[in-house]
Amino acid sequence: MIHKIKTTAIALFFGVCAIAQEVDFTEYDLDNGLHVILHQDNTAPVVTVGVMYHVGAKDEEVGRSGFAHFFEHLLFEGTENIERGKWFDIVAANGGSNNANTTQDRTYYYETFPSNNLELGLWMESERMLHPVINEIGVETQNEVVKEEKRSRIDNAPYGKIIYSTGINKYVFDKHPYKNSVIGTMEDLDAAELEEFRAFFDKYYGPNNATLVVAGDIEIEETREMIKDYFSEIPKANEVERVSIKEEPITGAITATEYDSNIQIPAKLFVYRTPSMIEKDAYTLDMISSILTDGRSSRMYKKMVDEEKTALQVLAFPRSQEDYGTYVMGALALGETPLDTLATSMDEEIDKLQSELISEKEYQKLQNKFENRFVNSNSSIQGIASSLATYNVLYGDTDLINEEIEIYRDITREDIKRVANEYLNDNQRLELDYLPESEKE
């Protein structure tokens, strides 16, 4: 068992001081492999119970895409002791809220209740893990829900193929299952047999592939006893074999065009494949994003939106993932601006990062932004619960919730220049023209 109790005062740059109350937590394992993290904060009478399963879209079989996201929905259908369709009613009737989300790497379920309903939250998550009901009517019902979600979020949403990477990752990844979308294809889900869904649950949703987080108005020892009562008898599943597919480096620019019937304004995108989220270089790319597009004084905004007036909007952000990430840069054209003009401007900003150290003033401003972000990062119990689970499952280090800021502090101006030179090269990227459907020949 690891017990972390820390409090620190962070002196911010420019003489601004703030106190960051670090997150106290206790973590331990049950005999069945379930990892448990407890965070006690009695300042408000609320508690979040969350379970993160180490399964995402990358774990799916070829020809069965969308399973992990499908289970995000399916495991709300009901259990042997929770009547079908009553999950949300039970939560609402007891003053709570709940949700779930899926990525390429993990699936997360949570409930937030008044703290006197802690035991209810633990019981419901143990029910989900121990004996959900997976039957034909549930699969058929959620199949329709997922189809509607795909239509509303991707097919009929402006720039949906950028936001959800369905128009990006298929070009950037060749072998790795990151090339597939999280939501999958309807053809794969329609073709799946009921036993395939049950087998997927048995493979990935055991306690030894999960982390349980309880955060909020709790007493540690009392909560430990409840967790023992509800989770210790759940059988351990077989160990999960992790995806270990390596991609060959991109050595020549990939050019592609995607069309979107929901837009009128074209966009130019550069997309680069980047290292795992746990690498320091991934954090450095996060800082580069801030330099380029964080606020009106950022480099790309000031140049392309304010001065040149060639772009309506600019963007630069990393998508951090467990095995590989992507780094997306782009701009929406203003008026009749050619996409090549946007590309030239973006390349000029990359060249500056590669050839010149950012100024000391810009560096101090950058560090100040990330210090402030750290101070404000754990402002809700629900957010703390999610962060604790994420740092444990994907980073293998729960204490990053307190220590991650040190990684950013250690990034130097030289690191920023080096990383720009290592990853943001024109022969290592996807160059994507994102156009209205009306421009399709």
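Arg409 and Glu371 form a salt bridge, with 2.8 Å between their closest N and O atoms; a salt bridge here is a side-chain nitrogen of Lys or Arg within 4 Å of a carboxyl oxygen of Asp or Glu. The pair joins distant parts of the chain, as Arg409 lies in helix H15 and Glu371 in helix H13, 38 residues apart. Arg409 is partly exposed at 26% relative accessibility, whereas Glu371 is buried at 4% (buried is under 20% relative accessible area, exposed over 50%, partly exposed in between, with a 1.4 Å probe and protein chains only).

## Model and conventions

The model is predicted: local features need pLDDT of at least 70 and side-chain atom pairs count only at pLDDT 80 or more, while totals for chains, interfaces and linings use all residues. Residues are numbered from 1 along each chain as its sequence is written, and side-chain values use heavy atoms, with hydrogens and water left out.

## Other salt bridges

The structure holds 36 salt bridges. In one of them, the side chains of Arg84 and Glu77 meet at 2.7 Å, N to O. Arg84 is partly exposed at 38% relative accessibility; Glu77 is buried at 7%.

Another salt bridge pairs Arg418 with Asp415 at 3.6 Å, N to O. Both residues lie in helix H16 (residues 413-423), three residues apart, about one turn of the helix. Arg418 is partly exposed, with a relative accessible area of 32%, and Asp415 is buried, with 12%. A network of salt bridges links Lys280, Asp281, Asp415, Arg418 and Glu422.

## Largest pocket

The largest pocket holds about 1300 Å³ of space. A pocket is an open set of points on a 1 Å grid over the protein atoms alone, where a 1.4 Å probe fits, with protein on both sides within 12 Å along at least five of seven lines; lining residues have an atom within 4 Å of a point. Grid points are joined across faces, edges and corners, and the volume is the space filled by probe spheres set on the points.

Of its 48 lining residues, Thr103, Arg106, Met277, Ser320 and Thr390 are the closest to the centre. Elements that each supply at least two lining residues include helix H13 (360-375) and helix H15 (400-409); helices (H or I, at least four residues) and strands (E, at least two) are DSSP runs, numbered from the N terminus. The lining has 19 nonpolar, 20 polar and nine charged residues (Ala, Val, Leu, Ile, Met, Phe, Trp, Tyr, Cys and Pro count as nonpolar, Asp, Glu, Lys and Arg as charged, and the others, Gly among them, as polar).
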